[in-house]
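Notebook open, model loaded. I'm jotting down what I look up as I go.

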Amino acid sequence: MIQLAIAVFIVIIGSALCSGIETALLSIPLLRARQLAQGQPPRRPSPGAIALLAIRQRVSRPIATIVIFNNIFNIVGSIVVGRLAATLFDNTGLGIFSAALTFGIILFAEILPKTLGERYAEKIGVAVAIPVRGATVLCTPLIWLLEHITAPLTKGGKRPVTDESEIKLLTVMGYQEGLIEDDEVEMIDRVFRLNDLKSADIMTPRVAITYLPGDAILQEIHD
């Protein structure tokens with residue numbers, strides 16, 4: 001019974017760590033990772049923040065590493081737990097145990113860690129970045145093989161980091177939360193509109209201006 005309890009504990013904790021770390025890393029935008037890696041002068045950026053930026057710049061391999069470990073815990077762990085449970089319970093008890101284990105994995109290895117990973121994404125990301133990079137190096141041969149197998153299905157252009165509409169939306173959200181002044185929002189919006197304007201759009205009509213002849217002398221225009 002003790003062996004079964006230990007096996008269940010390892011499966012749930014291992015799967016929870018993988019789920020939480022994966023969610024945390026994917027919840028940190030690349031721009032935020034760059035900001036953390038730059039640090040706040042005079043303080044220098046932490047090694048974890050620098051490693052986090054490296055992960056976010058090429059996130060597919062670290063995520064593949066986490067998925068590999070997660071499946072090891074889930075698949076291999078479930079096999080071990082199933083064999084231990086089969087020697088302790090009858091068919092009815094085994095069914096009850098399986099239902100309880102499934103509920104425990106869903107709650108404690110998926111929902112809860114992913115919620116915490118999203119909520120404390122930056123702290124978790126900086127803390128685990130270096131170990132994740134080390135694990136990624138160890139799994140590089142397997143990941144390389146998986147990349148070549150899935151390459152025909154994953155071809156495509158990279159998504160831009162941001163675009164004009166997203167920047168405008170961020171400024172509006174910043175204004176609504178009191179982080180940006182209304183005149184700053186208007187200034188940013190005008191910067192984007194300026195590129196779309198033609199000279200005719202900003203010219204004043206001739207009938208609405210007062211002008212002086214170019215060949216007039218000072219005495220003639222004094223009045």
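First, my burial scale: buried is under 20% relative accessible area, exposed is over 50%, and partly exposed is in between, with a 1.4 Å probe and protein chains only. This is a predicted model, so local features need pLDDT of at least 70 and side-chain atom pairs count only at pLDDT 80 or more, while totals for chains, interfaces and linings use all residues. Residues are numbered from 1 along each chain as its sequence is written, and side-chain values use heavy atoms, with hydrogens and water left out.

**Aromatics.** I searched for ring pairs of Phe, Tyr and Trp (its six-membered ring), taking centres within 6.5 Å; planes under 30 degrees apart are stacked, over 60 edge-to-face, the rest tilted. The search gave one aromatic pair. F89 and F97 have ring centres 5.5 Å apart and planes at 25°, so I log them as stacked. F97 is buried at 16% relative accessible area, whereas F89 is partly exposed at 28%.

**Helix α2.** My helices are DSSP runs (H or I, at least four residues), numbered from the N terminus. In α2 (residues 30–38) I found L30, A33, L36 and A37 buried. Down the axis they fall within an arc of 120°, so they line one face of the helix; the arc uses directions from the helix axis to the C-beta atoms. An α-helix has 3.6 residues a turn, so residues three or four places apart point the same way. The cover over these buried residues includes α3 (47–57) and α6 (121–138). After α2 I noted G39, with a positive phi near 75°.

**T65.** Buried or exposed, I asked of T65? T65 counts as buried, at 1% relative accessibility. T65 sits in helix α4 (residues 60–86). Leaving out residues up to four places away in sequence, T65 touches A135, T136, C139 and I143, where contact means heavy atoms within 4.5 Å.

**α8 against α9.** I fitted axes as lines to C-alpha atoms over the stretch in contact, with angles from 0 to 180 degrees between N-to-C directions. Helix α8 (residues 164–176) packs on helix α9 (residues 182–194) at about 170°, axes 9 Å apart. They are therefore roughly antiparallel (over 145 degrees; under 35 is roughly parallel, 65 to 115 roughly perpendicular, the rest oblique). On the α8 side I listed E164, I167, K168, T171 and Y175, meeting D182, V185, I188, D189 and F192 in α9.

**D215.** D215 lies in the loop between α10 (199–202) and α11 (218–221). D215 is exposed, at 68% relative accessible area. Its C-alpha is 57 Å from that of E177, 38 residues apart along the chain.

Notes
Helices (H or I, at least four residues) and strands (E, at least two) are DSSP runs, numbered from the N terminus.
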